[in-house]
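Student: I have a model open and would like to understand the words used to describe it. Could we go through them together?

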Amino acid sequence: MTSMLGRLALATASLALGAAAYAQAPQASQRVKPDPARGQQISAGVCAACHGADGNSVIAANPKLAGQHADYLYKQLVDYAKPSSAKDARVNAVMAGFAGALSDADKRHVAAYLSQQKKTPGTARNKDTLELGQKIYRAGIAAKNVPACSGCHAPNGAGIPSQNPRLSGQHAEYTVATLQAFREGTRRNNLAMSQIASRLTDEEMKAVADYLAGLR
């Protein structure tokens with residue numbers, strides 16, 4: 001009986017150690033110092049075709065990543081790599097494949113590289129909606145309980161590192177598609193944005209997106 005209890009105690013201790021090691025694994029990866037040079041190598045083979053060699057996508061459907069906050073970029077890669085059934089997953093079949101193939105350290109390397117690149121400016125194209133877009137961005141829509149976008153993304157659209165992304169200069173088409181995805185629930189990795197987008201019409205989304213494209 002004593003021998004059996006001893007084996008049971010040893011097995012329990014081994015399981016506890018294994019669980020502790022598993023729990024510490026993400027923390028260990030967080031201690032990896034991001035290497036922008038390594039990130040550039042990875043980006044050239046994985047990201048450049050859709051987002052540009054320096055993160056300045058010329059395809060309106062694909063976001064500009066240059067100058068984006070590293071912590072934000074890292075989080076998006078992590079969310080893309082999650083199972084699509086996960087509550088906070090960012091579901092995109094193409095990005096899931098790319099992000100899922102990257103180690104945690106490589107995600108940090110890529111994020112560090114892209115964050116250091118200079119973002120190219122964009123241009124607002126619809127003068128008829130600029131006033132509305134500016135009003136929504138700077139003051140929100142009180143009647144619909146929509147807060148000012150600038151409260152989280154800064155008056156100049158640079159975002160509040162590392163919580164909220166840079167929006168200035170982003171392709172208007174991408175911004176509209178993102179807001180619609182939040183509203184429709186096809187993007188669900190930010191509850192606050194899902195709630196805000198649910199109160200916006202397509203016209204309001206397009207107005208604020210166009211304003212942001214030209215914000216510098």
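Tutor: Gladly! Let's begin with contact, which means heavy atoms within 4.5 Å. Keep in mind that this is a predicted model.

Student: Which residues does His153 touch, leaving out those up to four places away in sequence?

Tutor: They are Tyr137, Ala158, Gly159, Asn164, Pro165 and Leu167. His153 itself lies in helix H8, residues 150-153.

Student: Why is His153 called buried?

Tutor: Buried means under 20% relative accessible area. His153 has 8%, so His153 is buried.

Student: What makes H7 roughly perpendicular to H11?

Tutor: Helix H7 (residues 130-139) and helix H11 (residues 202-214) pack at an angle of about 90°, and their axes are 7 Å apart. Angles of 65 to 115 degrees count as roughly perpendicular, so H7 is roughly perpendicular to H11.

Student: Which residues meet there, in H7 and in H11?

Tutor: Among them are Leu130, Ile136 and Tyr137 in H7, and Ala207, Val208 and Leu212 in H11. By class, the contact of H7 with H11 has eight nonpolar, two polar and three charged residues.

Student: What makes a set of residues a nonpolar core?

Tutor: Its members are buried residues of types such as Val, Leu and Tyr, joined through side-chain atoms within 4.5 Å. The largest one here has 15 residues, and Tyr137, Val208 and Leu212 have the most contacts inside it. H11 gives the most to this core, with four residues.

Student: Where else does Leu212 make contacts, beyond its neighbours within four places in sequence?

Tutor: Leu212 is in contact with Tyr137, Leu167, Ser168, Gly169, Gln170 and Thr175.

Key: Residues are numbered from 1 along each chain as its sequence is written. This is a predicted model: local features need pLDDT of at least 70, side-chain atom pairs count only at pLDDT 80 or more; totals for chains, interfaces and linings use all residues. Side-chain values use heavy atoms; hydrogens and water are left out. Axes are lines fitted to C-alpha atoms, for helices over the stretch in contact, and angles run from 0 to 180 degrees between N-to-C directions. Helices (H or I, at least four residues) and strands (E, at least two) are DSSP runs, numbered from the N terminus. Angles under 35 degrees count as roughly parallel, over 145 as roughly antiparallel, 65 to 115 as roughly perpendicular and the rest as oblique. Ala, Val, Leu, Ile, Met, Phe, Trp, Tyr, Cys and Pro count as nonpolar, Asp, Glu, Lys and Arg as charged, and the others, Gly among them, as polar. Buried means under 20% relative accessible area, exposed over 50%, partly exposed in between (1.4 Å probe, protein chains only).
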